[in-house]
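Please look over the sequence and the model, then read the notes below.

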Amino acid sequence: MKKLSILLITTLAVFLISCDVLDTEPQASLDANTALTDGASAQAILLGAYSRMQVTPYYGAHFTLSPDLAADNARYQGFFDSQLEVNSGSVPISNLWISTAWVNMYRVVNIANLLIAEVPNVTDDAFSTRDRVLGEAYAIRALAYFDLLRVFGYHFDIASPYGMPLLLEPIENNDFNLIPDLERSSVAATYQQILSDLNTAIGLMEGYVNNTVMSYWGAVALRARVNLYAGNYGDAFDDADDVIENGPFALVEDVQDLFDTTSPTSESIFDLVFSDQDQSALYVFTFQRDEYNVDPDLTDAIEPDDERAGLFVFERGSDRPVKWSNPNNANNVKVLRLGEMFLIRSEAAVFDTNDPNAGLDDLNEIRDRAGLDDLDPFADLDEYVDALLQERRIELNYEGHRFFDLVRLDRFEDVLNRDAFRRAFPIPRDELQIQENLVQNPNYPTE
Amino acid sequence: MFTNFNMQAFLCLKKQKVKVAIALFTESISKTTIHMNSKLIRCLKVCAFLLVVAPFFAADAFSQQREVRGLVTDSNEEPLAGATVVVSGDTQRGTVTNSSGEFTIRAASDEVLVISFIGFQTREILVGDRSTINVVLQLDQQLLSEVVVVGYGVQTRSDLTGSIASVSADDIANQPVASLDAALQGRASGVFVSSPSGTPGAGITINIRGQTSLSASSEPLYVIDGVPIISEDLSGLFSGGQATNSLADLNPNDIQSIEILKDASATAIYGSRGANGVVLITTKRGVSGQSTIGFNMYTGFQSITNPIEMHSSQEFLELMNDAARQDNRDLGTTYSDTHVSDIWGFDPNDPNLQNTVWYDEIFRSAPVSNYELTASGGTDNTRYFTSLSYFDQEGVQLGTGFERISGRINLDSKVTNWLDFGANVTVNRTIQNRTINDNSLYGVVINTLAGDPLMPVFEDDGSYADPFNYFGWWMLDNPVLIANEYSRFTNTVRGIGTIFGVASIAEGLSLRSSLSIDYTSLDDEAYTPIISRESRNAQRNGFGNYGTTQDFTWLVENYLSYVNTFADQHSVNAVVGTSFQASNREFSSINAQGFPSDQFTKLSVAAQVTSASTSGTSWGLASYFFRGNYTFDNRYLFTTTGRIDGSSRFGDNFRYGFFPSASVAWRMTNESFMENQTLFSELKPRISYGLTGNQEGIGNFASRGLFGVSDYRATPTLVPTQLSNANLTWESTRQLDVGVDVGMFQDRVTFSADYFIKTTDDLLLNRLVPGLSGFSSVTDNIGKVENKGFEFDVRGVILSGRDFSWSSSFNISFIRNTVLELEVNNQILNDSHILSEGQPIGTFHLIDHRGVDPQTGNMLWIDENGDGVIDSGDRRTVGNAQPDFFGGWNNSFAYKGFDLNMLFQFTYGNDIFNHSRASYENLGWSRIGIPGIFPLPDGNNHRLADNRWMEPGDQTDIPRASLTNLNWREYSSRWLEDGSYLRLKTVTLGYNFSPSFTDRIGMRTFRVYMQGQNLLTFTNYTGLDPEVNQNARNPLVAGSDFGTHPQVRTISFGINVEF
C-alpha cells in the first residue's frame, strides 16, 4: 500500500508540473501583433521612431558626421575601417556604415508605415491627438526616405532611375517571409512620395508647434530642403520664406550660444533630443576617438574674424567640433534649424531667377551673425556658388551637409577629385544578396 | 624531545585539529563575505607544514622476520592464481600465488606486503602480528569491465553499444586549474578543449566531435549527478570577450568520474540538448566501512609560458632611423641618418635612456593554492561524503585572480528494504577579479603590445606616466594603471542540490524520483578610475557599474528502470521516464559616474546615475524519454533510446520534437569460434545511428515578433525589436558511428577506434532579411554543417614488474568540419573571417601576399580584385582555425613508492591570426604623425623584427622598415601563423609513503608530489601562447590573438593525506 501511494503521488506530481513549463512570456517586450492598441501605445510607438533615429548609424553619430568625413571637412585618424573607407572616398559595398544605415533608416520608415496604416483604425475615444500622430508619422517617413535617397540614390538627377525602393505598408504579421522584394523607384517617384507625405503631414498638423519632434514647421522646413534638392526652387523659396517669416523662430544672436546648450534654442525647428540619460555617440566619435577629426582644410577655410572659428577646440593633436563637445553626449542634433532656412532661401532665389545676387541678403544675414562683413555683389552664378558653399561649409559643418552640398552643386569632382559614380554611396552588399529586384548604383560592384 | 614533540603534535592534530579545522571551515562558510577567513587559511598552512615535516623525525624500528601465509581472491571469493606478493622495499623477497591462490612469504611485523595482479587494483597490507593474511583484490576500474555512467543509469563498459569516453578522478584531481574542463585537455579522443584566455576562472571551450553549430552554442551539455546545469557565462560585465566560466563554480576534486557521451546512441536520450555531446559528471560518494578523513593541499607558482622579447630603447630608435633611411632609398626622401631620433630629441647611444620592459611590468610570478578537507564513510544503511575546499589563484597578469570556497555533502540512506533516499548538496562562492582584455580599447595586454620603452611606468613624482606624452600611438592608457586601478569583480554564490528516492516496486523494477535546483546569484562590480584616460577623455570623473544576475532552475525527474535476465540468455535493461525543467533569470544593472576620488568605488557616492535597469527571462523544457538495452547470450547487444522534448524557445508550429537512436554491438569473443584463442579478451564491433538536437545559445523568445522599450525625451517608447518566425525549431544532428573496442592479453592492452559522420541540419542562424523591413536578420533554421572523422584510443600496461610499472595511453582525433549549405554563401563575418560553403567554420579571409620583394624590401600584396588598389576588397580565403588532428599521450610510471605521470597534448594544422603583430611589428609606420615632421608609430617592435629586410637581395618574410604605410595591412595574411604545438601539459612526480610508515604516524595514506603544468611547448607560433582564441565561444571567428591573456606555466607542490 505504501509503495502504491508513493507511486500515485509521484505520478500526480508529474502531471501537475508538466502543464506550464512551456508557457513563458518575455518580461521586457510585447508581442508585435498587440503592440498598437490605443492612443497611448500609438504615441509610444511614434516616440519610438525618434529613438530609432537616435541610433549610432543614423543621427546618433555616423549619418550626422559621415557627410563631412566623406568630403573635406573631417579626416580619419582612428581605428575603425568602416570610417577609413568613408574618408578615403572609395566605399566598398561591404562597408559597415552603409549596411547599418540602410537598415536603421528603413526601421524608421517601418515604424511610420505601421502608424500610417493602423492609427486611423484604432478605436480609442480618448485619442485626441490622432491627426498629430498621423501627421508626424508622414513627416518622419518623408525624412527617412529623403535621408535614404541622399545616401543611396541619385538625388542630384531627377531623371535618374536610381531612386529608393518605396515600402509604404507595414510587414504583414511581422513575418519575415512576407517582406516584399521591391524594385527601386525612380528618383522622380521617390521625390514625389516624399513631397506627398510632407503635404499630407502639413495638412494634418497645422498649428502644432513642437521643436523636439517633426511637427508642422519641421515638415515645412524639410519640404523646403527637399524642394531645393529636387530643383523645385520656387517651392523651396516659398517654404523657407514661410518658416523664416511666419515660424516662431529667431536666429540665435551669438553663434556660440547655438551650440553651448544641450536644449533646443530659438533657432531649433527640429532638434533630436539627447541627454545624459539618453546619449548619442557624437562626443565619443569626435572627441574621444579619432574617426572624425577636423580636417585642417576646414579650419584653414575660415575667414579672419569669423566668430565660428570659436566652434573648434584643439585637443589630443587635432581640432574637435565644439558642436558635439558635451562630454555626456547630450548635445541635441539640430536636424533642421533656422540658419539653414536662410541659406536655402538664398540659394532658391538665385536659381529660381538665375540672378546671382537674388540671395545676397540672406547670405549676409548669416555672415552678419558670425561677425563678418557683407559680401560684394557677385559677377556670375559660379561666384555665387563659391560663396554659398563657403557659407554652408562654415555654418553647417559637422551637421551632415557637406558631401551632399558638393554633389548637388556639382563641385564633387572639382573639390574631392573623385569619380562621378561615387556621388552616391553603393547599395549594401547584404541587400543585393537577398533582394533580386534591387539594382546596384552604376559602376559599383554587385558582389 | 623534538621527535616527541612532533609526534604529540601529530596525535593532537589527528584527534583534535581535524575536528577544529572542520568546525572552523563550517563556521567560515557561513561567515564568508568577500575575502576568505585568513585565520582558517593560516591554520591549514600550519597543519600542512606539520604533516610534511613530522615524518622525517619519526623513529625507525626493527623487528624479526617470520613466516606469513595467505590467500588471494577476487571479490567473488574465487582464488587468484599467479598474483604477485612482494615485501615492499625488498625486491629479493617475493613470490606468486599457487593455483589455489595461496602464498607463503617471510616478513617482519612492521613490513608491508604488496599484492598485485593484472586487471586488479594493487593492495598494500601491513603485516602486523598476524600470521595469516587473506587478501581480496578489487577489479581495476580503468579496465573494460568498469561501470560506466550513462544517461539515466549505469552500464558495464562491456555492455556498451555507444561511444563513451571516461576520465577518472585521478586524471583531474589536484591539478592547479580552476575548473574541471581545463583538466580534460588531451584526455579523451574527439574532445577538443581550448582555453581561450589565461585569465583565472575564464571560460573554456569544449567541442565534442567538432563544431555542430554556427550561431547556437557548440558546447556540450553538462550533467552533474543527473542535473543538467547552467554552464553559460552569466556575468554582465564587459571584459573584452573573456567569458566567465560557471563550471569554475565546482571543485574538481569532488569528482569521481567524468563520462563524455559522443555518439547518438549515448546522447539521444538528452534529445534537443544532445547534439554537442554530453559530459556526465559524477561526484564522490561515501563507501560503507571505515570512515576516512582526508586532507589535500597544493601550492605553486605560475608564470607566462612565452614572454615576447621587445626591442630596447636604443633598438627602437635605431629601427625608426632605419625606417627613414630605407624610405630615402626606396621613395627618394632625404631624411638624415638619425632623422627620427633627432626629431624626438634622443641619442640612441645614450646609456641613460629610459628602458621600460612593458611585459615585465604587467606580468608576474603568481601563487596558486588549494586546501581541502574531506570526510567520508558510512554504515550499511547510511553513507556520506563531505568536502570543503578553498582554491586561491592570483593571475600572472596584474589585477587578476580567482578564489573559490566550496562545500559538498553527498548522502545515501537506506530507509526501508524497498526505499533508498539520498541527497547531494554543493554550495560555492567564487570571486573573480578581472581586467579588461582582448580586443578592447582599454585592455591591459593590448595596451602593452607595442609599449614605448622610452616611456616609464611612473613619472618621477610617482604618478602614472601618460602615453600621450610619449611616442607610441598605440597605447591609449598606461597598462599598469589599468591593471592596478580599474576594478572588475564578479562574485558568485551557487548552490546545486538534489534530493532523490529510489523505490523497488517489484523484482528488477524500480522507480527513481528526484527534485533538483541549480541556483546562481551573481553580482558584478566594476569601477573605472578618475585618473584613467577612459574617464578623463569622457570627462566622467570615474564611473562604475553594478549588476546582478539571479538564475533559478528547477528540475523534476521520474523514471522507471527494469533489469532482468530471462532463460539465462535474454538480458533486458530498460528505462522510461519524464523530465521537466524550468529556469527563471533576473538581471539588474546600474551605471553611475562622477566620483569624489578613486578611494570610493561604491556607486552610492557617485554624483550621477547614468542608467539603471532590471529585466528577466525564462525558459522551460518538458521531456519524455526511454532507453532499452537487450542482450542475447552476451553476444549480441541492442540499444534503442528516444526522447520527446517540448521547448518554450521554439515557434508554435514546431514545439515538440522526437530524438531517437539505435545501436548494435557484437561481442565476438563470446562466440564459440573464438573460444580457444587467448589473444583477444574483447573484440566488439559496434554501430549506432541517431538524431539529436541543439536549442542552446539562442534567445528565449527568438520565434516571436517583438516590440521592446526605448526612450525619447525621457519618455518611454515602443520600438520593434524582432520579426517573427513561427517555424523556428532546434538544430538537428544526425550521427552515424562505426567503431570497435578491442581488448588484448587479458585486457592488458585496449584499443578503441571510431569513425563518425555527423550532419547538422536546420542550423539556427541569423538569416539575412531585406533591410527595408528595418531588420537585417531573423533567427531561422537554415544551413547545414558536417563533422566527420576518426578517433583512436589506445591504452596499455607496457611494463608490469614487481617494482617498476609503466602504463601509457594515447589518443588522436582527425576531425573535418565543413559548412555544407548556407542561405547566403560567402558571408563576411568581420575584418578577418568569412563563412563559406565547402570551408570549415573559422575560415580566415585576409588580404594575401606573395612575400617580400628581395629587391625593394616591400610586401608583394595580391590585388585580388584587380582594381589597382589594395583594400578590404582584396581579401581572400587564406586558412582556418581548425586543426588537422589533435590528441594526447599520457604515461604513468611507478617505481616502488614513486609515481610519475606525464601528459603530452598536441594540435596540428590550425592557423592563428596573430593580430597583435599588426601593432608590435609596425616597423616604423607612422600611423598618425607626418613622416617628415613628426613620425609617430604604434610603438616598439618585437625582436623578430630584426629579421626584416635591410639590403637588396635579402630573403626574408618581414618587409623593410618604413615611415609610410607601404607594407602594413592590418587584416592581412602577413600576420597569419601556424598554430600547431606539442605541449607537455602536466608532469606529476609523487611519492607514496609505505603503510608501515604511515601507520606509525597515524595516517592511512600519505603522498607528496610535485607538479608542472605547461612546462614545455614546441611551436612555431611567435605570440604569447598558441592556445588562444580572442572570441571565446564564438567558433565562427575563432583563432585570433589580439592582446589576449596568455596561458600560464605552473609549478606546484602538494600533499594528500588520509586518516
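Helices (H or I, at least four residues) and strands (E, at least two) are DSSP runs, numbered from the N terminus. The model is predicted: local features need pLDDT of at least 70, side-chain atom pairs count only at pLDDT 80 or more, and totals for chains, interfaces and linings use all residues. Residues are numbered from 1 along each chain as its sequence is written, while chains are lettered from A and ligands numbered from 1 in the order in which they are written.

**Chain A as a whole**

- Chain A contains 18 helices and seven strands.
- The C-alpha trace of chain A spans about 110 × 50 × 45 Å along its principal axes.
- Of the 447 residues in chain A, 55% are buried. A residue is buried if 20 or more other C-beta atoms lie within 10 Å of its own, exposed if 12 or fewer, and partly exposed in between, with C-beta atoms placed from the backbone.
- Among the contacts in chain A with a separation of 6 or more, 67% are between residues 24 or more positions apart. Two residues are in contact if their C-beta atoms, placed from the backbone, lie within 7 Å.

- Helix α2 (residues 39-53) of chain A has 15 residues and reaches 22 Å from its first C-alpha to its last, close to the 21 Å expected at 1.5 Å a residue. The expected span of a helix is 1.5 Å times one less than its number of residues.
- Because 12 of its 15 residues are buried, α2(A) is largely enclosed by the rest of the structure.
- The buried residues of α2(A) include A:Ala42, A:Leu46, A:Tyr50 and A:Arg52.
- Helix α5(A) has 23 residues and reaches 33 Å from its first C-alpha to its last, close to the 33 Å expected at 1.5 Å a residue.
- Helix α5(A) is also mostly covered, with 19 of its 23 residues buried.

**Where chains A and B meet**

- In chain B, 70 residues are in contact with 63 residues of chain A.
- On the side of chain B that touches chain A, the strands that each supply at least two residues include β22 (487-506), β26 (608-632), β30 (706-712) and β31 (715-722).
- Strand β26(B) gives the most to this side, with 11 residues.
- The residues of this side divide into 33 nonpolar, 30 polar and seven charged. Ala, Val, Leu, Ile, Met, Phe, Trp, Tyr, Cys and Pro count as nonpolar, Asp, Glu, Lys and Arg as charged, and the others, Gly among them, as polar.
- Strand β1 (residues 29-31) of chain A is joined to β30(B) by three bridges, and the two run antiparallel. Two strands pair if DSSP finds at least two bridges between them.
- In this pairing, A:Ser29 stands opposite B:Gly708.

**Domains and a sheet in chain B**

- The domain assignment of chain B gives domain 1 (2-57), domain 2 (65-137), domain 3 (221-304 + 364-842 + 881-914 + 979-1058) and domain 4 (313-363 + 915-959). Such bounds come from an automatic or database domain assignment.
- The centres of domain 2 and domain 4 of chain B, taken over C-alpha atoms, are separated by 73 Å.
- Four strands of chain B form an open sheet in the order β38-β39-β40-β43, with antiparallel pairing.
- Strands β38 (827-828) and β43 (875-880) of chain B stand at the edges with a single partner strand each, so one side of each is left without a neighbour in the sheet.
- Two bridges join β38(B) to strand β39 (residues 833-835) of chain B, and B:Gln827 has B:Leu835 as its bridge partner.

**Individual asparagines**

- A:Asn246 lies in helix α9 (residues 233-246) of chain A and is exposed, with 10 other C-beta atoms within 10 Å.
- A:Asn329 is found in the loop between β6 (318-321) and β7 (333-337) of chain A; A:Asn329 has a positive phi of about 55 degrees although it is not a glycine.
- A:Asn329 counts as buried, with 24 C-beta neighbours inside 10 Å.
- B:Asn826, in the loop between β37 (804-821) and β38 of chain B, has a positive phi near 55 degrees.
- B:Asn826 is partly exposed, with 15 other C-beta atoms within 10 Å.
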